Amino acid sequence: MTTDVQALLKETGAWLEGHFLLHSGRHSDQFIQMAQAFQYPDVVTAMCTALGEKLRSYEPRVVVGPAVGGIMMAYAVGHALGIRALYTEKEGGHHRLGRGFRIEPGEPVIVVDDVSTTGDSVRQAMAAAREAGGTVVAAGLIVDRSGGEVSFDVPFVSLATVKMSTWEPAECPLCKQGAPLTDPDTRKPVE
Ligand SMILES: [Zn+2]
């Protein structure tokens with residue numbers, strides 16, 4: 001099955017193009033809110049099955065995802081590969097495996113997440129899996145928002161790569177064109 005992830009994300013409203021005010025205060029011409037795509041279970045299944053197929057050859061027995069996006073991802077990838085699905089939760093600023101989740105010593109683990117720019121959540125989930133005794137064999141993202149710059153100490157796959165342009169308001173070319181600025185959370189114009 002071929003999954004055109006970019007098309008799916010645009011159709012579901014997860015990948016927006018326009019003129020956005022980011023939380024950092026910078027402006028951007030694109031915005032990705034994966035929760036919009038995750039409204040549709042068949043879309044989650046299609047994307048996670050495609051990602052799972054890219055990770056199958058590493059022969060994982062457990063998939064771990066960092067909450068919140070990684071929970072659904074882990075279950076859908078785990079379902080596609082027929083393996084256990086666990087998730088980590090943030091506790092004191094760091095992702096940990098709680099809820100009595102166990103990984104056997106040396107058990108091969110993959111870590112998945114929905115979208116990442118720095119790879120930080122994936123790295124924290126990898127550390128949690130290793131601390132629990134697992135051997136992390138690969139990592140996967142639906143969208144690599146670093147433009148291909150992010151890397152890990154294990155093989156890494158993604159379904160789409162995007163490099164978002166961001167600007168300080170004073171240097172924003174969209175402001176210079178007079179394009180209305182949008183708040184991506186409310187999807188309404190910024191006053
Ligand atoms: Zn602007």
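The protein chain exposes about 9,600 Å², and carbon and sulfur atoms supply 50% of that area (Shrake-Rupley method, 1.4 Å probe). This is a predicted model, in which local features need pLDDT of at least 70 and side-chain atom pairs count only at pLDDT 80 or more, while totals for chains, interfaces and linings use all residues. Residues are numbered from 1 along each chain as its sequence is written, and side-chain values use heavy atoms, leaving out hydrogens and water.

Of the 191 residues in the protein chain, 48% are buried, meaning under 20% relative accessible area with a 1.4 Å probe, protein chains only. The chain holds 6 helices and 11 strands (DSSP runs: H or I of at least four residues for helices, E of at least two for strands). Along its principal axes, the C-alpha trace spans about 60 × 40 × 25 Å.

The interior can be described through its nonpolar cores, which are sets of buried Ala, Val, Leu, Ile, Met, Phe, Trp, Tyr and Cys residues joined through side-chain atoms within 4.5 Å. The largest has 33 residues, of which Leu9, Met34, Met47 and Val143 touch the most other members. Elements that each supply at least two residues of this core include α1 (5-11), α4 (69-81) and β7 (135-144). Helix α3 gives the most, with 6 residues. Apart from this core lies another, of 17 residues, among them Val62, Val122, Ala129 and Leu141.

Met34 has contacts (heavy atoms within 4.5 Å) with Leu9, Ala14, Met47, Asp114, Val115, Ile142 and Val143, not counting residues up to four places away in sequence.

Conventions
Buried < 20%, exposed > 50% of the residue type's maximum accessible area, 1.4 Å probe, protein only.
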